[in-house]
Every structure is written in C-alpha cells, then in structure tokens.
Amino acid sequence: MRRVVDAMNVIGCRPDGWWRDRRGATERLLDQLEHWARESGEEVSVILEGPPSPPLHSEVVEIGWAPEQGPNSADGEIVRRLEGWLAEDEVTVVTSDRDLVQRATSLGAAVEPAAAFRSRLEHG
C-alpha cells in the first residue's frame with residue numbers, strides 16, 4: 001500500500017499560521033509522515049509544489065515535487081506519477097482538491113480527505 005500526500009493540501013487544511021513559515025510547516029508534516037510510515041508499514045510519498053531549498057531528506061518517505069511551480073503543480077505531478085505507483089501496488093491519495101480527487105479515482109486510486117488524514121497524523 002502506498003499513500004501519496006498532497007503536501008500543501010494537508011498543511012493548508014487548517015489555518016494554524018502555516019503561511020508564516022511554510023518551510024517549518026513542511027518539515028513538521030515530513031516528521032509526522034516519517035512516524036506514520038514507520039508505524040503503518042505503508043510506503044509514503046509526499047509531493048511538494050516545487051523543490052525545497054535547502055533540500056529535505058528522509059530515509060522512509062519519498063519526497064517529490066513538481067518540476068515547475070504554479071497553481072496545482074503538485075496535483076499534476078501526483079497524476080503524472082500515479083500510473084507507475086498503481087502498477088506496483090494499491091494507492092491512496094491524500095487530498096481534498098476536487099479536481100485531483102476526480103483524476104485520481106478515475107485512474108483507480110483511493111482518496112482520503114486531507115483534514116481527516118492530518119487529524120490521524122496528529123492524534124495517532
């Protein structure tokens with residue numbers, strides 16, 4: 001099972017001040033995803049809107065990003081990679097973006113709402 005996380009969709013699902021420190025919010029999400037991956041045994045991929053600077057690293061979570069930044073760029077990157085992931089295993093995409101939900105499900109992926117997954121990350 002692979003869980004693919006639309007990073008900014010999960011980060012932005014709650015107005016907790018993330019916009020004042022996007023890097024810090026991304027690092028906190030990555031820490032939570034690493035814990036999730038270790039506990040669940042799932043493969044986890046997180047997709048960012050663009051390359052992080054300085055780079056982020058993880059031994060347990062695949063960190064990917066859209067090659068070109070822009071509106072919904074991470075969504076496009078998730079869809080671009082989805083066929084390959086689905087060829088290997090079941091995939092759940094974590095997002096609440098309606099267009100991405102429709103595109104992911106039409107390709108055969110399951111979807112989990114961003115807020116529900118964030119709550120599970122934070123509360124075990």
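Guide: Let us begin with a pairing: strand β1 (residues 2-6) and strand β2 run parallel and are joined by five bridges. Strands here are DSSP runs of E with at least two residues, helices are runs of H or I with at least four, and both are numbered from the N terminus. Two strands pair if DSSP finds at least two bridges between them. This is a predicted model, where local features need pLDDT of at least 70 and side-chain atom pairs count only at pLDDT 80 or more, while totals for chains, interfaces and linings use all residues. Residues are numbered from 1 along each chain as its sequence is written, and side-chain values use heavy atoms, leaving out hydrogens and water.

Now find S45 in β2, the bridge partner of V4. S45 also has a bridge partner in β3, namely E62. Strand β3 (residues 61-65) pairs with β2 over five bridges, in the parallel sense. In β2 (residues 43-48), five of the six residues are buried, that is, under 20% relative accessible area with a 1.4 Å probe, protein chains only.

α2 gives the most, with four residues. Among the lining residues are V46, L48 and I63. The lining has seven nonpolar residues, one polar and no charged.

Technical notes: Buried < 20%, exposed > 50% of the residue type's maximum accessible area, 1.4 Å probe, protein only. 1 Å grid on protein atoms, 1.4 Å probe; cavity = no way out; pocket = protein on both sides within 12 Å on 5 of 7 lines; lining within 4 Å. Nonpolar A, V, L, I, M, F, W, Y, C, P; charged D, E, K, R; others polar.
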